[in-house]
Amino acid sequence: TLNLRVESASSESLTLGADQTILLGDTVSLTPLLSFTPDSFYWIGDLTLLDPDQLNNRFAPLVDVSYQLFGIDDKGCIYSDDVTIRVLLSSAIYVPTVFSPNGDGVNDLVTPIADPSVTEVEYFDILSRWGEVVYSRTDFDPHTNAGWDGSFNGKPMMPAVFVYRLKATNKRGQEITEYGSITLVK
């Protein structure tokens, strides 16, 4: 039997930041934040892309990669963090084809769903079968949870099929246009 008492835990930290998503051809920077000066450190992952003798690295992965950094302080304590870099071939934005704005908390709004490389939606319009714009939103972040609630002029619309059009931009300034239909059900 061994009794052990720990007076205090270390308050040091090491972080690589949040996971990242980039487009193929983009460069990523790994700049660890350490609250201590490491006596030594080592990387785990595809070491052909980064310099394992450097804490800060900048490189352009061609496929998804994950890295883990271990830092050892002057007391021999080990700190680590990991990061995954997802590489997309192109930007994508998706609009659900059916929604049910009935107040049950499930599919009550229809909004574009974009990958992290899409930075702005220039316009998102929904039109009736007669071409009347029943919803329009411009210049917004596609990662917000705002969208059409199935109403027009403050009144709920009857179940029907609507047409949408949208134009978005990714972080490289490339435009993405989408057209399709949305079915409103109750």
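Modeller: Leu30, at 1% relative accessibility, counts as buried, where buried means under 20% relative accessible area, exposed over 50% and partly exposed in between (1.4 Å probe, protein chains only). The model is predicted: local features need pLDDT of at least 70, side-chain atom pairs count only at pLDDT 80 or more, and totals for chains, interfaces and linings use all residues. Residues are numbered from 1 along each chain as its sequence is written, and side-chain values use heavy atoms, with hydrogens and water left out.

Colleague: In which strand is Leu30 found?

Modeller: Helices (H or I, at least four residues) and strands (E, at least two) are DSSP runs, numbered from the N terminus. Contacts of Leu30 (heavy atoms within 4.5 Å), not counting residues up to four places away in sequence, include Trp43, Phe59 and Ile85. Leu30 itself belongs to residues 28-30, strand S3.

Colleague: Which strands stand at the edges of the open sheet?

Modeller: Five strands form this sheet with mixed pairing, in the order S10-S17-S16-S12-S13. Each edge strand has a single partner strand, so one side is left without a neighbour in the sheet; these are S10 and S13 (133-140).

Colleague: How many bridges does S16 (residues 160-170) form with S17?

Modeller: Two strands pair if DSSP finds at least two bridges between them. Lys167 stands opposite Thr177 in S17, and Gly173, in the hairpin of S16 and S17, takes a positive phi near 85 degrees. The sense of S16 and S17 is antiparallel, and the bridges number ten.
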